[in-house]
Amino acid sequence: MQHHNAVLEVQAMKKYFPIKKGFLKRTIGQVKAVDDVSFFIEQGETFGLVGESGCGKSTLGKSILRAIEPSDGSITFVNRKEEAVEVRDLDNKQLRDIRRDMQLIFQDPYSSLNPRMTVLNIIGEPLICNGIAKGEELKRRVGDLMDLVGLNRKHLERYPHAFSGGQRQRIGIARALATDPKFLVCDEAVSALDVSIQAQIINLLQSLQQKLNLSYLFISHDLGVIQHISDRVGVMYVGKMVEVAATDKLFSSPKHPYTEALLSAKPVPIPKQKRERIILKGEVANPANPPSGCYFHPRCLYAQDICKQQAPDFKEIEAGHFVACHMAKDLDLKGVKVQ
Ligand code: SF4
């Protein structure tokens, strides 16, 4: 581990999906969904990952848990015994063990919960499967988990349809917490919910983090949610991490033109404070056939000749502020007011 307080360190992660064609299913190209991404998450921290849909942020989250197999790179994770483990080297049994420590919370709690199972069995399943609890002990532990996430433990025998969207997300969170993990990937975990319910679930996640010393990778396309919950933020564009910084820094003084454009489109809390919105020209680049040089150059307001020829390195330009842009030091980009 290069960062001594990190719970997770991802280095040069790649996930390529082959494009196959014809009767013989020959590989004729690759979709570079995640392309050479490096970052770390500290113990007890929330790292927000933001970008438009299709930028690779969900693929990155799933690859870290090996819910899908990464194509290349390294994932170092500090397990509950405080041992740094290379997740990519684990066999199936070791992977099952480490999944007790790292869990996923999905976007749509309804489709991820089995409608024929009671809440007891849904939340308790990881405890049953890992041989951790059964019978009365299982009921007690699931009841405690329900208390923890703000559900009524008397509703143990109910089915998912009897709960509201927000309550179902609480069931999903309780299930993810059943094995007492230390790290959670929250993939668009509040995106399907109404704004007022979103706030409740975000508050719950924040209080659980403090109580249980959890670390989060919080993936969302919603900049408001990301700003509210994250300690640090990473911005992805077409499979690449283009900027990482502390939340206030990233929002008040972005260093990547794509971050500036994303922020300019963020809804303003007080409508009178108008901001000039940067309308990005062109489409998001196709990860199967990305442009030369910097992938953002066809849409970038500041592109120079070098941007078409050379891909910029992802570099630390100030302490803790990482950017992949040739012009990062010269540009004076606009951020948003930090609340
Ligand atoms: Fe824009 Fe060039 Fe920076 Fe890419 S490297 S974001 S094209 S200025």
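Two strands are said to pair if DSSP finds at least two bridges between them; strands themselves are DSSP runs of E, at least two residues in length, numbered from the N terminus. With that in place, I turn to the model.

This is a predicted model, in which local features need pLDDT of at least 70, side-chain atom pairs count only at pLDDT 80 or more, and totals for chains, interfaces and linings use all residues. Residues are numbered from 1 along each chain as its sequence is written, and side-chain values use heavy atoms, with hydrogens and water left out.

I begin with the strands. Strand β1, residues 6-21, pairs with strand β2, residues 26-42, in the antiparallel sense over 13 bridges. Within that pairing, Val 34 of β2 stands opposite Lys 15. The hairpin of β1 and β2 has four residues between the strands, and Gly 22 there takes a positive phi near 80°. β1 also runs antiparallel to strand β4, residues 72-78, through five bridges; Thr 76 in β4 is the bridge partner of Glu 9.

Next, the domains, whose bounds come from an automatic or database domain assignment. Domain 1 comprises 6-101 + 181-323, and domain 2 comprises 110-180. Their C-alpha centres are 29 Å apart. In the contact, meaning heavy atoms within 4.5 Å, 17 residues come from domain 1 and 13 residues from domain 2. How much area is buried between domain 1 and domain 2? The value is about 1,300 Å², with 67% given by carbon and sulfur atoms; buried area here is the accessible area (1.4 Å probe) that two parts lose on being put together, summed over both. On the domain 1 side, Arg 100, Pro 181 and Leu 204 lose the most area to domain 2, together 38% of what that side buries.

Finally, the cavities. On a 1 Å grid over the protein atoms alone, a cavity is a set of points where a 1.4 Å probe fits but cannot get out, and lining residues have an atom within 4 Å of a point. Grid points are joined across faces, edges and corners, and a volume is the space filled by probe spheres set on the points. There are two cavities of 30 Å³ or more. The largest holds about 80 Å³ and is lined by 14 residues, with Pro 257, Cys 294, Cys 300, Cys 307 and Cys 325 nearest its centre. The second largest cavity holds about 30 Å³; its lining includes Pro 257, Glu 260, Arg 299 and Cys 300.

Note on methods:
On a 1 Å grid over the protein atoms alone, a cavity is a set of points where a 1.4 Å probe fits but cannot get out, and a pocket is an open set with protein on both sides within 12 Å along at least five of seven lines; lining residues have an atom within 4 Å of a point.
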